[in-house]
Amino acid sequence: MLAQGAQRRLLGILNSTPPATPHPGPAPNQTDPWCLEVSVPDGLFLSLGLVSLVENVLVVAAIAKNRNLHSPMYFFICCLAVSDLLVSVSNVLGTAVALLLEAGALAAQASAVQQLDDVLDVLICGSMVSSLCSLAAIAVDRYLSIFYALRYHSIVTLPRVWRAIAGIWVASVASSTLFIAYYAHTAVLLCLVSFFAALLALMAVLYARMLAQACQHTRGIARLHKRQRPAPQGLGLKGAATLTILLGIFFLCWGPFFLHLLLIVLCPQHPACHCVFRNVPLFLALVICNTIVDPLIYAFRSPELRKTLQEVLQCSW
């Protein structure tokens, strides 16, 4: 499995499809002339993983160093960074081992390779689930800080934050283990796709309500100053653009991967679906790209964190 590079058995389904009724037409390993397959070089895949690794290590180091960043919001950001860190580490490690095996520079028994493959699959799946949960937790935290500002510190206490983070990791490990063990079952794939759709809907609703609240607040201020149109329009456009970028990046990076899972359930033998299956390396590269973009959206925009990051880079511990 690992010897197939980026197309190894990620989540148990990336190199194969579940058994299905024979379907007339081209065999699964055949491709129609119109089928587009995007090749992702191993070097590019490794480079993306290393960039993500460096970025997320810096985020974790900055939050750990600065006590001013020891707040619920930054703890959730740190949880996201650790999740993204594990996504990049597992993919880089898997690709590196695959390249060493292909080059003959690494000798290993088939059983040892299979065990490593299983461990990496669980690690990748678990880190992906925890990454998605962390993104949802950040959205919920921001929502509470806006709509329950006066009660925020009594609602979002550090013990509750630590319990939430522990729950995210326990659920991620448990779900990834079950998923790897029962990946051939349709219900398991549908549960994972439904999980992604539910998180996307939750984030869209929460951020849309936050945008609406911000626009309403600005309109109230504008009425007090008898400036009813210019200010809210500018804020509305800026807020809508930010919301579109945030959710658009999330859907663009994660959507194709979960579309792949959904198509395995809906049309495992259809030629058009096999064109999608052949682009799994591209989908994984997009997931890695998301782990690169997450620090830019959620962490590096903070002046306090950027200042701490400069201190970290200057080795002034």
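This is a predicted model: local features need pLDDT of at least 70, side-chain atom pairs count only at pLDDT 80 or more; totals for chains, interfaces and linings use all residues.

User: What is the secondary structure of the protein, and what pattern does it follow along the sequence?

Analyst: The protein comes to 10 helices and 0 strands. Read along the sequence, the pattern is α-α-α-α-α-α-α-α-α-α. Of its 317 residues, 45% count as buried. Among contacts between residues at least 6 apart in sequence, 83% join residues at least 24 apart.

User: What is the handedness of the crossing of α1 and α2, and which classes of residue make up their contact?

Analyst: The crossing in which α1 passes α2 is left-handed. Their contact has 18 nonpolar residues, together with 6 polar and 2 charged ones.

User: Why do residues three or four places apart in an α-helix point the same way?

Analyst: An α-helix has 3.6 residues a turn, so residues at that spacing point the same way. Helix α10 (residues 303–313) can be read with this in mind. Its residues Leu305, Thr308, Leu309 and Val312 are buried. These residues cover an arc of only 105 degrees around the axis, and therefore lie on the same side of α10.

User: Which residues are exposed on the other side of α10, and what covers the buried ones?

Analyst: Pro303 and Lys307 are exposed on the other side of α10. The cover over the buried residues of α10 includes α1, α2 and α9.

User: Let us turn to a residue of α9, Asp294. Is Asp294 buried or exposed?

Analyst: Asp294 lies in helix α9 (residues 280–299). The cut-off for buried is under 20% relative accessible area; Asp294 has 4% relative accessibility, so it counts as buried.

User: Which residues is Asp294 in contact with, leaving aside its neighbours within four places in sequence?

Analyst: With those neighbours left aside, Asp294 is in contact with Leu80, Asp84, Ser131, Leu135 and Ala299. Separation in sequence and in space may also be set side by side: Asp294 and Phe250 are 44 residues apart in sequence and 9.2 Å apart in space, C-alpha to C-alpha.

Notes:
Residues are numbered from 1 along each chain as its sequence is written. Side-chain values use heavy atoms; hydrogens and water are left out. Helices (H or I, at least four residues) and strands (E, at least two) are DSSP runs, numbered from the N terminus. Buried means under 20% relative accessible area, exposed over 50%, partly exposed in between (1.4 Å probe, protein chains only). Contact means heavy atoms within 4.5 Å. A crossing is left-handed if the near helix is turned anticlockwise from the far one by less than a right angle, and right-handed if clockwise. Ala, Val, Leu, Ile, Met, Phe, Trp, Tyr, Cys and Pro count as nonpolar, Asp, Glu, Lys and Arg as charged, and the others, Gly among them, as polar. The arc is that of the directions from the helix axis to the C-beta atoms.
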